[in-house]
Amino acid sequence: MPGWARTALVFLLAAIVLATGMVLIPRDPGPPPAAPFSESARVSAFADTLSLLDAATGLRTAAALPSGSGLPDTALADTVTLLTTQSRALLAPAQATPASSAVSPAPDSPEGPRTPQALVAALSASGAQRLADAAEADGGIARLLAAVGTAHVLQSAQLAAAAGLPAPATPVRITPTAVPTATESCPAPAAPSGTATAATLAGALAAAVRSEQEAVYVHQVALTRLDPAASGTAQSALTAHQTALRQAEALGRAHCLEVPPREAGYRLPEQLSTKPLAALGALEAGTLQGFGDLIALGTGDTRQWALDGLLGAARRSTAWGTPLDALPGLVVDAGALPPLPAPSAATTAP
């Protein structure tokens, strides 16, 4: 074989060996991509809620002992039921068992909160975190986080009252009080209020405006029928709704939407004459779904306004004695939720 041929063959074999080695040696894939924020927020919410559920279940067991736990069994039973439903709602459908890295105890100790004071504080902190995450998460997850966070904040206050503890601090929210108004650059309204559906941002904003208009009117009428003990609460609620109405109208104009005009009167709840407190509570509870729609469809100031509105309406509803669902602002069939994986203290809850 000529020398040049041998040289060419050597180079060919070397190239084959080099190429084969490159194929056999896998390329370093680098660090795994970070999970999307919405998924991380859901996993964190599930971990905290499951830990709170275990703590509430443990406190309920301690309540049956002679020494007690400082909390009535009914309050703890309601908390366990609430946290069970929320944990099931936060559980990923394909998640057969919770990953050990995903479940961590709520802030207090390596074993999670084990005293009434710690459980109240942990519930309040979880609620504040869920509401903060809801401001940044994707629409559907944002609505779920807002519902969980709102319920945690309210439940922490109810447990504190039941145990004779100081009320936890309310999560600090920044309500957009100076929403920019529409300018001459606005095109024609995106959708007239009469044709927009609640499945669109225009429809959700229009529904929120009408809801606040109705709430203002009903509270004005109710003030003439309430005794002095309840009139102060109703006056505070009226002021809140008047402010919310102005803000909702401003948000609509900022989005270049047609704002529903105010009407001379609205239909009054049937119970307003006989059971005014229950009527006002039902009125507040009836606004939660609309705020949930806006949280899912809106962003920025619009979503923040809806988050504030959801928490405020839920708080006023319970103040009038109207109980809330486990996920205020979100319609969920609890029976259709996936079961929690075993073993878990949650599976022993009633």
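# An all-helix chain: questions and answers

From the N terminus on, the elements of the protein run α-α-α-α-α-α-α-α-α-α. The model is predicted.

Reader: How many helices and how many strands does the protein have?

Author: The protein has 10 helices and zero strands.

Reader: What is the average pLDDT, and where is the pLDDT below 50?

Author: The average pLDDT of the protein is 83, and 73% of the residues score at least 70. Over residues 96-110 the pLDDT is below 50, though this stretch has 26 contacts in the model beyond near neighbours in sequence. Residues 344-350 also have a pLDDT below 50, with 17 such contacts.

Reader: Why is the pair of arginine 143 and aspartate 293 called a salt bridge?

Author: The N to O distance between the two side chains is 2.8 Å. The cut-off is 4 Å between a side-chain nitrogen of Lys or Arg and a carboxyl oxygen of Asp or Glu, so the pair qualifies. Arginine 143 sits in helix α5 (residues 139-163) and aspartate 293 in helix α9 (residues 288-297), 150 residues apart, so the pair links distant parts of the chain. Both arginine 143 and aspartate 293 are buried.

Reader: What makes glutamate 249 buried or exposed?

Author: Its relative accessibility is 9%. Buried means under 20%, so glutamate 249 counts as buried.

Reader: Which residue forms a salt bridge with glutamate 249?

Author: The partner is arginine 262, with the closest N and O atoms 2.8 Å apart. Glutamate 249 belongs to helix α7 (residues 228-254), while arginine 262 lies in the loop between α7 and α8 (276-286), 13 residues apart. Arginine 262 has 52% relative accessibility, and exposed means over 50%, so arginine 262 counts as exposed.

Reader: How do you know that glutamate 284 is buried?

Author: The relative accessibility of glutamate 284 is 0%, which is under the 20% limit, so this residue counts as buried. The side chain of glutamate 284 meets that of arginine 316 in a salt bridge (3.0 Å, N to O). Here helix α8 supplies glutamate 284 and helix α10 (residues 300-319) supplies arginine 316, 32 residues apart. By the same rule the count comes to six salt bridges.

Reader: Which residues touch the most other members of the largest nonpolar core?

Author: They are Leu119, Leu159, Leu294, Ile295 and Trp305, in a core of 60 residues. Helices that each supply at least two residues include α2 (37-63), α3 (73-90), α4 (116-134) and α6 (201-222). Helix α5 gives the most, with 10 residues.

Reader: What does leucine 119 touch, not counting residues up to four places away in sequence?

Author: Leucine 119 touches Leu52, Ala55, Ala56, Leu59, Pro113 and Leu159. In soluble globular proteins, nonpolar side chains tend to be buried together. Buried residues make up 43% of the 350 residues in this protein.

Terms used
Residues are numbered from 1 along each chain as its sequence is written. This is a predicted model: local features need pLDDT of at least 70, side-chain atom pairs count only at pLDDT 80 or more; totals for chains, interfaces and linings use all residues. Side-chain values use heavy atoms; hydrogens and water are left out. Helices (H or I, at least four residues) and strands (E, at least two) are DSSP runs, numbered from the N terminus. Buried means under 20% relative accessible area, exposed over 50%, partly exposed in between (1.4 Å probe, protein chains only). pLDDT is the predictor's confidence in each residue, from 0 to 100. Contact means heavy atoms within 4.5 Å. A nonpolar core is a set of buried Ala, Val, Leu, Ile, Met, Phe, Trp, Tyr and Cys residues joined through side-chain atoms within 4.5 Å.
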